[in-house]
2 protein chains.
Amino acid sequence: MSLTVVGSIAFDAVKTPFGERERMLGGSAVHFSLAASFFTDVRVVGPVGDDFGEAEYAALTDRGVNTEDIEHVAGGRTFFWKGEYEWNLNVRHTLDTQLNVFGEFEPKLSPASAGADALFLANIQPDLQRQVREQCADAQLVGLDSMNLWIETARDALVRTIGTVDMVFMNDEEVRQLTEQPTLLRAARDLMDMGPSTVVVKQGEYGAALFTGDGFFSLPAYPLETVIDPTGAGDAFAGGFLGYLAAEGLTDAATVRRAMTYGSVVASFNVEQFGTERMQTLTREEIDSRYDELRRMTAIDEIPAV
Amino acid sequence: MSLTVVGSIAFDAVKTPFGERERMLGGSAVHFSLAASFFTDVRVVGPVGDDFGEAEYAALTDRGVNTEDIEHVAGGRTFFWKGEYEWNLNVRHTLDTQLNVFGEFEPKLSPASAGADALFLANIQPDLQRQVREQCADAQLVGLDSMNLWIETARDALVRTIGTVDMVFMNDEEVRQLTEQPTLLRAARDLMDMGPSTVVVKQGEYGAALFTGDGFFSLPAYPLETVIDPTGAGDAFAGGFLGYLAAEGLTDAATVRRAMTYGSVVASFNVEQFGTERMQTLTREEIDSRYDELRRMTAIDEIPAV
């Protein structure tokens, strides 16, 4: 399956207890597409300004990501986000957000991007997500991410957009906030009642939970000794997940469990260095090796090491 | 293996968004011993007052728990705790704590209790825990729980006591607070450096993670539609865990993974009703059935339903 992602392309300034970067490549569509690139061909759609140069394009094209639908807005500047993480990396503070060209973004997909079999609507305004969804009429597998901002300011639009997708990827607080349900099981059921067949609840360092009809699967995060920069972990997770599904061209229960595991593995690498740095050196062999480790780590009936 | 638990025996007043109880049986040693009773013989040690009556003894003895070492302090009153949970059940507020007879507790174990092969030091003052540990010189398997209060007020005593046990059961915040490490992996290594061979990190609704030397295992919580009262879940988890290990008389990696799964299953039942109510009606068949469900839910390579 071909895979298209629409979302933010950004420069990030990030400070964590383990170091900082004043300006590096970031954005939801970037983290997603790099992660997906280990499994399938992916096209990335989003706006950039004059400051988005050859090095940034190369970071994507070196991983085989198709950048033809990156919209260069002449005279504009690329979306900029600045944040800082506390010692407890689950707590982060946004210090600056400059929407720049992203503020006027109206997604226009080329026929090649619009013709994708699989589509990921990264976290952007829900009405824009629905516009993209409508442009990709033939997509058989559509995933969506969102955030608390849209739950609070555009709830109706978000619910309407959720009704047009197959899979929701949201974190546990967002899922509870949107559905006003106390347990994830009830929250996931409410979300599925809105339309999607699958709800993937991201739980950060705890892993992720998958709800499908009456089905449930849960996976812990790969245990890391060092987490340098959690930025983009959720998008890398979704990228590995949908990238694997698109590559397999299947969405049966067993394939989806493997997809979730691949997503979790790629996300675990993503946070081991700043921004997209780890993705630039990562190999499929490293991914497969950690996949096997995670498989053994989560088996109640222990699987011996190969 | 015989199993002894030393900890609090209490009356609890609990209010949650789903109801309340003004006075019910509770306490760490009670939740632990009821959970363990589904797997092995267990002796409970702790103080009670004149208000601890036949109904309370019966709740324990009906499940086969040996109550001979419950110390009745004439003229005293039983430990009382009152708490309230928010709509987000992860947030709880203590409204009242009356130590009563627990304030003067000096554990004196009978030869039968002190001769146990397995011992659980539920959350009490660390010096008292170590006194109990020293009375049980022959115990081959000793587990310990603690809390933020002792980390803040008796840190040295706690570290010294941790050095005398095999397994630590603490939640993730406590583990981070005690070790001042940002990732669980590093925190667990620091704890193992203090003495224990095994660290079990309780993660509430997210499940639990197990660290042993270079080994790692993680298990999500069984997904529940309704959580009525989370009180005692951690003690029920430890009770199922150590109860199963004591029954098997083994601590190899495969047995420990199964023990953690049984602990998680018993804890999931514990929170479905107030206090110990669910434990009074629970059967081993229900436990085994949910165990199989959880096993299928967590297998990356899907296990078909029997």
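1. In which sense does H4(B) pass H6(B), left-handed or right-handed? Keep that in mind as you turn the model, which is a predicted one. The crossing of H4(B) past H6(B) is left-handed. To find the pair, look in chain B for helix H4, residues 126-135, and helix H6, residues 155-162. Their axes come within 8 Å and cross at roughly 25°. Angles under 35 degrees count as roughly parallel, and H4(B) and H6(B) are therefore roughly parallel to each other.

2. Now zoom in on who touches whom in that pair. From H4(B) you have Pro126(B), Asp127(B), Gln129(B), Arg130(B) and Arg133(B), and from H6(B) come Ala157(B), Leu158(B), Arg160(B) and Thr161(B). Sorted by class, the contact of H4(B) with H6(B) has 4 charged, 3 nonpolar and 2 polar residues.

3. The axes of H10(B) and H12(B) come within 9 Å, with a crossing angle of roughly 115°. That makes H10(B) roughly perpendicular to H12(B), since 65 to 115 degrees is the range for that label. The crossing of H10(B) past H12(B) is right-handed.

4. What does each helix bring to this meeting of H10(B) and H12(B)? On the H10(B) side, look for Thr261(B), Tyr262(B), Ser264(B), Val265(B), Val266(B) and Ser268(B). On the H12(B) side, they meet Ile287(B), Arg290(B), Tyr291(B), Leu294(B) and Arg295(B). By class, you get 6 nonpolar, 3 polar and 2 charged residues in the contact of H10(B) with H12(B).

5. Next, step back to see how the two chains meet. Chain A and chain B each put 31 residues into the contact. In chain B, at least two residues each come from helix H8 (184-193), strand S13 (215-219), helix H10 (253-270) and helix H12 (284-297). So which element of chain B gives the most to the side that touches chain A? That would be H10(B), with 5 residues. The side of chain B that touches chain A divides into 19 nonpolar, 6 polar and 6 charged residues.

6. How are the two copies related?

7. Let's finish in chain A, with a sheet. It is an open sheet of 4 strands in the order S3-S2-S6-S7, and the pairing is mixed. At the edges sit strand S3 (19-26) and strand S7 (92-98) of chain A, each pairing on one side only. Neighbouring strands of this sheet are turned by 15° against each other on average, with direction ignored.

8. With S6(A), residues 79-85, strand S2(A), residues 10-16, pairs in the parallel sense over 6 bridges. One place to check is Asp12(A), which stands opposite Trp81(A) in S6(A). With S3(A), S2(A) pairs in the antiparallel sense, again over 6 bridges. There, Ala10(A) stands opposite Gly26(A) in S3(A). A hairpin through 2 residues joins S2(A) to S3(A).

Definitions and conventions: Residues are numbered from 1 along each chain as its sequence is written. Chains are lettered from A and ligands numbered from 1 in the order in which they are written. This is a predicted model: local features need pLDDT of at least 70, side-chain atom pairs count only at pLDDT 80 or more; totals for chains, interfaces and linings use all residues. Two strands pair if DSSP finds at least two bridges between them. Axes are lines fitted to C-alpha atoms, for helices over the stretch in contact, and angles run from 0 to 180 degrees between N-to-C directions. Two residues are in contact if their C-beta atoms, placed from the backbone, lie within 7 Å. Ala, Val, Leu, Ile, Met, Phe, Trp, Tyr, Cys and Pro count as nonpolar, Asp, Glu, Lys and Arg as charged, and the others, Gly among them, as polar. Angles under 35 degrees count as roughly parallel, over 145 as roughly antiparallel, 65 to 115 as roughly perpendicular and the rest as oblique. A crossing is left-handed if the near helix is turned anticlockwise from the far one by less than a right angle, and right-handed if clockwise.
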